[in-house]
Amino acid sequence: DVHNIIKYVLSRITVSLYLNMFGYDDPDLNDVIMSKVMDKSITVLITLDKSQSGSKTEKALLASDAAKNPSAYNSHFVIGASSTGQITHTKGFVADGKVAAEGSTNWSTSGEGIGQPGNPGYKAQNNTQSIITDPDTISRFTAELIREHMAAQGKAAQDATMPSTLKGQIKN
């Protein structure tokens with residue numbers, strides 16, 4: 001029940017959320033996150049992968065989120081690439097500096113698993129999802145999420161200022 005475990009942890013955030021997600025296609029989890037984004041007392045740092053942001057579901061979620069004006073609140077949001085210019089493939093978060101989650105699970109119906117094994121319509125990829133409460137691990141993962149966010153932000157800024165004739169020709 002990966003979906004409900006993640007939803008449970010996210011719904012209890014009161015201070016901060018640091019998140020990097022490669023596959024972000026779960027409208028239910030997005031609603032919980034947007035409630036945190038819109039709460040100006042909660043710091044939210046979100047990093048999403050540029051290559052995934054064009055998918056139909058993720059694109060619709062992001063358009064809906066942008067319409068809610070999260071930039072007016074204490075949030076930091078970037079869609080970008082890794083420091084090497086490749087995908088940002090981390091799939092995890094730190095909630096309130098106390099609980100972390102990391103694994104191979106994309107936030108999608110097939111990634112999280114839907115239905116019951118053996119029943120019609122059952123979908124479930126072979127994924128992992130760890131919930132972490134060790135303070136040292138959480139501290140290190142928080143630092144990693146911030147580094148990844150800053151790298152993606154730098155790549156996004158670099159892409160925005162690069163002349164269109166050079167885009168796609170330069171390999172990082």
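## Confidence of the model

pLDDT is the predictor's confidence in each residue, on a scale from 0 to 100, and a contact means heavy atoms within 4.5 Å. This is a predicted model, in which local features need a pLDDT of at least 70 and side-chain atom pairs count only at pLDDT 80 or more, while totals for chains, interfaces and linings use all residues. Residues are numbered from 1 along each chain as its sequence is written, and side-chain values use heavy atoms, with hydrogens and water left out.

The chain averages a pLDDT of 83, and 88% of the residues score at least 70. Among the elements of the chain, β4 has the highest mean pLDDT (98), whereas helix α4 (residues 109-112) has the lowest (70). Over residues 165-172 the pLDDT stays under 50, and for this stretch the model has eight contacts beyond four places in sequence.

## Overall architecture

The chain holds five helices and six strands, where helices (H or I, at least four residues) and strands (E, at least two) are DSSP runs numbered from the N terminus. Read along the sequence, these elements follow the pattern α-β-α-β-α-β-β-β-α-β-α. Of the contacts in the chain with a separation of 6 or more, 74% are accounted for by residues 24 or more positions apart. Buried residues make up 39% of the 172 residues; buried means under 20% relative accessible area, exposed means over 50%, and partly exposed lies in between (1.4 Å probe, protein chains only).

## The sheet

Six strands form an open sheet in the order β3-β2-β1-β4-β5-β6, and the pairing is mixed; two strands are taken to pair if DSSP finds at least two bridges between them. β3 (75-80) and β6 (129-132) stand at the edges with a single partner strand each, so one side of each is left without a neighbour in the sheet. The twist averages 5° from one strand to the next, with axes taken as lines fitted to C-alpha atoms, for helices over the stretch in contact, and angles running from 0 to 180 degrees between N-to-C directions.

Strand β1 (residues 16-21) is mostly covered, since six of its six residues are buried. In a regular strand the side chains alternate between the two faces of the sheet. In β1 both faces are covered, with Ser16, Tyr18 and Asn20 buried on one side and Leu17, Leu19 and Met21 buried on the other.

Six bridges join β1 to strand β2 (residues 43-49), and these two strands run parallel. The chain crosses from β1 through helix α2 (residues 27-37) to β2 in a right-handed β-α-β crossover, a term that applies if, with the strands pointing away from the viewer, the path from the first strand over the helix to the second runs clockwise. In β2, leucine 48 is the bridge partner of methionine 21. Four bridges join β1 to strand β4 (residues 92-95), and this pair runs antiparallel; in β4, alanine 95 is the bridge partner of leucine 17, and glycine 92 is that of asparagine 20.

## Strand β4 and the turn to β5

Both faces of β4 are covered as well, with Gly92 and Val94 buried on one side and Phe93 and Ala95 on the other. Four bridges join β4 to β5 in an antiparallel arrangement, and in β5 the bridge partner of glycine 92 is glutamate 102.

β4 and β5 form a hairpin with three residues between them. Aspartate 96, found in the loop between β4 and β5 (99-103), has a phi near 55°, a positive value in a residue other than glycine.

In helix α1 (residues 2-11), Val2, His3, Ile6, Val9 and Leu10 are buried. Seen down the axis of α1, these buried residues fall within an arc of 140°, so they line one face of the helix; the arc is that of the directions from the helix axis to the C-beta atoms. An α-helix has 3.6 residues a turn, so residues three or four places apart point the same way.

Serine 35, found in helix α2, is partly exposed, with a relative accessible area of 40%. Serine 35 and leucine 10 are 25 residues apart in sequence and 10.0 Å apart in space, C-alpha to C-alpha.
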